[in-house]
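Colleague: I am new to this structure and would like to learn how to read it. Please take me through it one feature at a time.

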Amino acid sequence: NNGAFPKAQVLSSIDGYAKSDMTGPNMPEFGALLEGDLVPYDSGDGILTPTPRKLVALSQYLESIQAAR
């Protein structure tokens with residue numbers, strides 16, 4: 001990803017609202033477990049979208065542990 005964190009792709013993979021095109025076993029869908037209050041979140045397109053707070057927190061954590069290459 002050339003040093004960029006793919007926010008929208010990560011959110012989609014965790015939540016399960018967009019199916020993966022990867023071969024092999026798919027990642028389990030965690031959308032139901034991450035439901036709750038919504039917060040405005042920009043997933044990289046400049047548009048604030050209501051997103052479950054737990055999903056945003058998990059995405060931000062994953063972004064924070066990514067090594068810059």
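This is a predicted model: local features need pLDDT of at least 70, side-chain atom pairs count only at pLDDT 80 or more; totals for chains, interfaces and linings use all residues.

Colleague: In what order do the elements run from the N terminus?

Modeller: Helices (H or I, at least four residues) and strands (E, at least two) are DSSP runs, numbered from the N terminus. This chain has 2 helices and 2 strands, in the order α-β-β-α.

Colleague: Which residues of H1 are buried?

Modeller: Buried means under 20% relative accessible area, exposed over 50%, and partly exposed in between (1.4 Å probe, protein chains only). An α-helix has 3.6 residues a turn, so residues three or four places apart point the same way. In H1, residues 7–15, the buried ones are Val 10, Leu 11, Ser 12, Ile 14 and Asp 15. They pack against strand S1 (38–42) and helix H2 (53–64). Across the chain of 69 residues, 25% count as buried.

Colleague: How do H1 and H2 pack?

Modeller: Two packed helices are described by the angle between their axes and the distance between the axes. Axes are lines fitted to C-alpha atoms, for helices over the stretch in contact, and angles run from 0 to 180 degrees between N-to-C directions. For H1 and H2 the angle is about 125°, with the axes 10 Å apart. The two helices are therefore oblique to each other; angles under 35 degrees count as roughly parallel, over 145 as roughly antiparallel, 65 to 115 as roughly perpendicular and the rest as oblique.

Colleague: Which residues of H1 and H2 meet?

Modeller: Contact means heavy atoms within 4.5 Å. Lys 7, Val 10, Leu 11, Ile 14 and Asp 15 of H1 meet Leu 55, Leu 58, Ser 59, Leu 62 and Glu 63 of H2.

Colleague: Where is Ser 43 found, and is Ser 43 buried or exposed?

Modeller: Ser 43 is in the loop between S1 and strand S2 (48–52). Its relative accessible area is 18%, so Ser 43 is buried. Apart from neighbours within four places in sequence, Ser 43 is in contact with Lys 7, Ala 8 and Leu 11.

Methods: Residues are numbered from 1 along each chain as its sequence is written. Side-chain values use heavy atoms; hydrogens and water are left out.
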